[in-house]
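Subject: A structure for you to explore

Hello! I am handing over a structure that I hope you will enjoy looking through. Please open it first, and then read on for what was found in it.

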Amino acid sequence: MPDEEGQGRPSETPDYFKSRYQWYVETWGENGKIDPEKQLARVRAEYEQYRRDLRAGRIVEVAPEGPVQPGVFRFIGPFTAAGRASTIEPHPTDPNVAYAGAAGGGVWKTVDQGANWRPLTDGLGNLSTGGIAIAPSNPNIVYFGTGEGGYATGFIPGIGIFKSTDAGETWRVPANVLSQLVYRMLVDRTNPELVLAFTRDGVQRSADGGLTWARTSDTTWADATDVAQVPNSPNVLHATFANQTANGRYAKSTDFGQTWTQKSSGLATQGTYGRTSVGVSADGQNVFLLCSGLAAAGYEQVGFYRSGDGGETFTRSFAASPNILGGQGWYDNVIAVDPENPSLVFAGGVGIYRSTNGGASFARTATTVHVDQHHFVFRRIGSQKVLWFANDGGIYLSTNGGTSFQDKNTGLGTRQYYGIAIDPARPNVVFAGAQDNGITRMGENSAENSGI
């Protein structure tokens, strides 16, 4: 949980972060401010060199069990645990394939439903992932939005939207920085060049595969923080907006994000709530919202709301109980709806909560899954229905509607470490302290034996 491990609430800047901030600003900034275009220019040059080195065989990949070589880094662990994951994107037709986005570790891909993972962005100098989207009509086209959406003090700003036309093997570096924070991304069902980015700078829409963008949401609506697409009517979108302090609102689009109409009937009074998550049933009639309160209320939830008429009007199912958000509604706040059963709804804050009556009541479930939930995806893929979770502990999967959950973090090397130390008497022993994941010991006689 961020307050315990030093992640910090939006307005806080812990003293032990200040030296890191100072280095970051001195490296990437001008006059005390971060210059994202400067970062982007450097990443572009470095990635071009990385691709040349790969083609020339100058980059050597060393297996974890191989010998250490001078001048060559290799992964030493942990091998069975990951760090904060901000997003998960399953393949539209293959239930075994998915892309995971790490808060500080880039994009990873599995082809065996999470049994193994492979990094796709090691050559990029900014690995903060906000959103990933696969084009349903051409799954080789993948979009990757850098910059984790949100305002925690440890979040890393991004440098724009990257695109791959070979399923993530290579990436097109953007010409400029669209936004430094990306929350979600969507690609049109039939046109792989029509893409939406939900960002700190509102909803951004591109009709040319991300070469150019135009903002379609009102400039007063702050960040576009979440979106739910109606499965049976893919041009109908439900989105939420907020910033780190307030301005929570909900809007609907019927033309795949080209225009938006705010809806508020039955919702909390404008200005009394902040970040909000959204989910929708397959037929588009049942829309669910989980609204966070503001700082004065400790970021507890204002309420869980349901609409039975496609988002035109809402009623509040409950307010404070159960306490899904756990005082962290600005940080972890998600919803997923069973694509075939609108009565089955999952909501996430610190923990995971399950409703079997359309949000009228919830019970906490999956206590073995890591806390702090950031993205749920519930989807029918072929003959299998999958429910993916991304949270502060990495990636989890359920294939039985949330009855049980599988840890899918083997080989997902994304744990965020704040500091490391080498045992002076035993150089093969390494200690590392992580965000929300305690202290790891790697080396002799440890659970995470590095083999060095």
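Is glutamine 113 buried or exposed? Glutamine 113 is buried, with a relative accessible area of 12%; "buried" means under 20% relative accessible area, "exposed" over 50%, and "partly exposed" in between, with a 1.4 Å probe and protein chains only.

Before going further, please note that this is a predicted model, in which local features need pLDDT of at least 70, side-chain atom pairs count only at pLDDT 80 or more, and totals for chains, interfaces and linings use all residues. Residues are numbered from 1 along each chain as its sequence is written, and side-chain values use heavy atoms, with hydrogens and water left out.

Most residues other than glycine have a negative phi, and most peptide bonds are trans. Glutamine 113 has a positive phi of about 60 degrees although it is not a glycine. You will find glutamine 113 in the loop between strand 5 (106-110) and strand 6. Helices (H or I, at least four residues) and strands (E, at least two) are DSSP runs, numbered from the N terminus.

Aspartate 372 also has a positive phi, near 70 degrees, and is a residue other than glycine. Aspartate 372 sits in the loop between strand 25 (363-365) and strand 26, and is buried, with a relative accessible area of 0%.

One joins glycine 77 and proline 78, with omega about 0 degrees; proline 78 is in the loop between helix 3 and strand 3. Another runs from serine 321 to proline 322, with omega near 0 degrees, and proline 322 is in the loop between strand 21 (315-318) and strand 22.

Four strands make an open sheet in the order 3-4-5-6, with antiparallel pairing. Two strands pair if DSSP finds at least two bridges between them. Strand 3 and strand 6 (118-119) are at the edges, each with a single partner strand, so one side of each has no neighbour in the sheet. Between strand 3 and strand 4 (residues 98-102) there are five bridges, in the antiparallel sense; isoleucine 88 has alanine 100 in strand 4 as its bridge partner.

Why is strand 8 largely enclosed by the rest of the structure? The reason is that five of the five residues of strand 8 are buried. In a regular strand the side chains alternate between the two faces of the sheet. In strand 8, Val142, Phe144 and Thr146 are buried on one side, and Tyr143 and Gly145 are buried on the other.

Strand 8 runs antiparallel to strand 7, and five bridges join them; there, isoleucine 134 has valine 142 of strand 8 as its bridge partner. Strand 8 also runs antiparallel to strand 9 (residues 161-164), through four bridges, and glycine 145 has isoleucine 161 of strand 9 as its bridge partner.

The largest nonpolar core

In soluble globular proteins, nonpolar side chains tend to be buried together. A nonpolar core is a set of buried Ala, Val, Leu, Ile, Met, Phe, Trp, Tyr and Cys residues joined through side-chain atoms within 4.5 Å. The largest one has 18 residues, of which Tyr99, Leu124, Phe162 and Trp171 touch the most other members. Helix 3 (36-56), strand 7 (129-134) and strand 8 (142-146) each supply at least two residues of this core, and the largest share, three residues, comes from helix 3.

A pocket, on a 1 Å grid over the protein atoms alone, is an open set of points where a 1.4 Å probe fits, with protein on both sides within 12 Å along at least five of seven lines; lining residues have an atom within 4 Å of a point. The second largest pocket is lined by 34 residues, of which Arg189, Gln229, Val377, Phe378 and Arg379 lie nearest its centre. Strand 26 gives the largest share of this lining, six residues.

Enjoy exploring!
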